[in-house]
Amino acid sequence: MASDGAAREHSAADPVSEDHSHSKTGPALVLACLGVVYGDIGTSPLYALRESLVHAHEEGLPESSVIGIVSLLFWTVVLIVTIKYVVLILRADNNGEGGTLSLVAKAQGALKKGPRSKSRRLLMLLGIVGVSLFFGDSMITPAISVLSAVEGLALIEPGFQAWVVPVTLAIVIILFWVQRGGTDRIARLFGPVMLVWFSTMAILGASHIADDARILQALNPLRGAAFLTEYGMAAMPVLGSVFLAVTGAEALYADMGHFGRSAIRIAWSVLVFPALALSYLGQGAMVLAHPETVSNPFFLMAPSWFLAPLVILATAATVIASQAVISGAFSVAAQAVQMGILPRLHINHTSDRQAGQIFLPKVNSILMFGVVALVLSFGSSARLASAYGIAVTGDMVITSVLAVVVFRWAWNWRWPLIAAVMVPVLGIELIFFSANLLKLLDGGYIPLLFAAGAIALMVIWIEGMRRLQERLAQDSVPLDVFAAKLSKSPPVIVPGTAVFLTADPAVAPPALLHNLKHNRVLHQRNFIVKVESATTPRVPEDARLHLQDIAPGFWRARLVFGYMEQPNVPRALAQARHVGQKFDIMSTSYFLNRRTLRAGRGNLMPYWMARVFVTLYRSASEPTNYYRLPSNRVVELGQQMNI
């Protein structure tokens, strides 16, 4: 995702950064926003009310409960999406960017200023849990969305039921296959298609409200509250399905850096929210008047002549929703790599105009196999709905907790104000989370298992890298002392520049030591380079390079990239010309230390943990590609190490 303009610092008096795209917000940007941001939540009317009514029937609740359920759907959308995300969370940007990791970075930056810096590790752990839950959601969303749309074909031709799973699998596989070529051209169609989708949804819903005008009572929040108090625990399974109405709400925050808050707010207020409200009210009125339509109220709102076009439109909308989630998973994974949560992943940039258009082959493959497995395992959107919700509610609760940290220590809100705003939101989300936990044995364990595995891998990676760096530091030589000795009694000096990439610029890089040991030469100019990730999404070019003289012929360079940027070491080092250090690419060599880790003989960590860490370490992409180094100027020197 690309930021739409220059950022400015927040102050305690003005916690809201300038909306980068405000001056550029127009119909085209709002239309594009429809296709990317609102794909997931825009397809929830396909199954949210249907599944809520199914659970109500299973619990023996009367047909009159339709009004209470629609009221819960409506006010859940109002409270969670409108108030929490559109009004509040969109203000908590990190220099224009959003998403769970952006919120983690902003919260960490706020705590870093005070005595609570020890809490930063806890915040990172919360971020890891949130990211893991998001990846679980990224698998379930394409499966349930495409399944629910394709199932509409069975209403046209009942014999098509046997083909629902094969057709869904074909659509899913094609969707993941086209990722490698980039979706820039296809994405141009997303906005217009979703405009037609929301308009159609609103028209169909409005046309059925007159079926039973009692449904307008659902606009009264007391009807939803009365439903909960009257039926108590019997209403909890219904709540688990009601929450399906707001799945995808986190995309409003995650994609803020791409479109700006103004476009997101305008699209929500003018089209998306009215369309969702009309759809749920229309479905509810139709079910009140014609109880037999409860089997699939969304598609049965359409007249028979429009059913086939509606199924085609719904399929296109669900594919767009799936694409938005997949693209979001790519962006989140890239951020996690930059923040050191995941190993280096191979990243392909698929657009020369948009920095956010990226493709991660490993992430794409994992998601595809996960979605295919879910479709084959569950076979229908109704069964898969049981697995949906836990990951989303968990992610939303984490977002709320992180927001409290930002409100208190970044914006200096007082606790009474925070309590007045966030206690109701967190209370509602925790109720929904509890309701979704009731679906644990019916498939809800699937996203939790996946999230638990992802959390374990990330924690092992972070802890393993920390212990590895500590071990290497024990056997290392201080760079300042080493450079001073070489300056006094140098080996053979050869012309040119040597760049040594290292994780610890305070000690002599292993590649430098190996080069001296085996080749017995030293370059005329030597730069010890460490690449760091900032807590901001992007770093200005004039703040990219920090250069320090160590000794004659030696410099320590610190390169800082935002967590939304792809590191380009040669381009960043070129900034040294401003301080009199010119880099000639034809006379510069990049030295990398290829470290081979082995589990079993060392005592760095338990054996099982070492095996996992070694596997992750070996899976990291080549630093040559990741740091954009010229492959014909890279020298790799090997090192083996038992952990």
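Select Phe74 first: its relative accessible area is 14%, so Phe74 is buried (buried means under 20% relative accessible area, exposed over 50% and partly exposed in between, with a 1.4 Å probe and protein chains only). The model is a predicted one, in which local features need pLDDT of at least 70, side-chain atom pairs count only at pLDDT 80 or more, and totals for chains, interfaces and linings use all residues. Residues are numbered from 1 along each chain as its sequence is written, and side-chain values use heavy atoms, with hydrogens and water left out.

**Aromatic pairs**

The structure contains 21 aromatic pairs. Rings of Phe, Tyr and Trp (its six-membered ring) pair if their centres lie within 6.5 Å; planes under 30 degrees apart count as stacked, over 60 as edge-to-face and the rest as tilted. Helices (H or I, at least four residues) and strands (E, at least two) are DSSP runs, numbered from the N terminus.

Next, select Phe330 and Phe359. Their ring centres lie 5.8 Å apart with the planes at 90°, so the pair is edge-to-face. Phe330 belongs to helix H15 (residues 307-338) and Phe359 to strand E2 (residues 358-359), 29 residues apart. Phe330 is buried at 1% relative accessibility, and Phe359 is buried at 2%.

**Helix H19**

Move to helix H19 (residues 415-437), where a kink of about 35° lies at Met422, shortly before the proline Pro424. The bend at a residue is the angle between axes fitted to the seven residues ending there and the seven starting there. Among the buried residues of H19 are Met422, Glu429 and Phe432. The buried residues of H19 pack against H4, helix H11 (236-242) and helix H18 (390-410), where contact means heavy atoms within 4.5 Å.

**Helices H4 and H18**

Finally, display H4 with H18. Ile80, Lys84, Tyr85 and Leu88 in H4 meet Met396, Thr399, Ser400 and Phe407 in H18. The axes of the two helices come within 13 Å and cross at roughly 40°; axes are lines fitted to C-alpha atoms, for helices over the stretch in contact, and angles run from 0 to 180 degrees between N-to-C directions.
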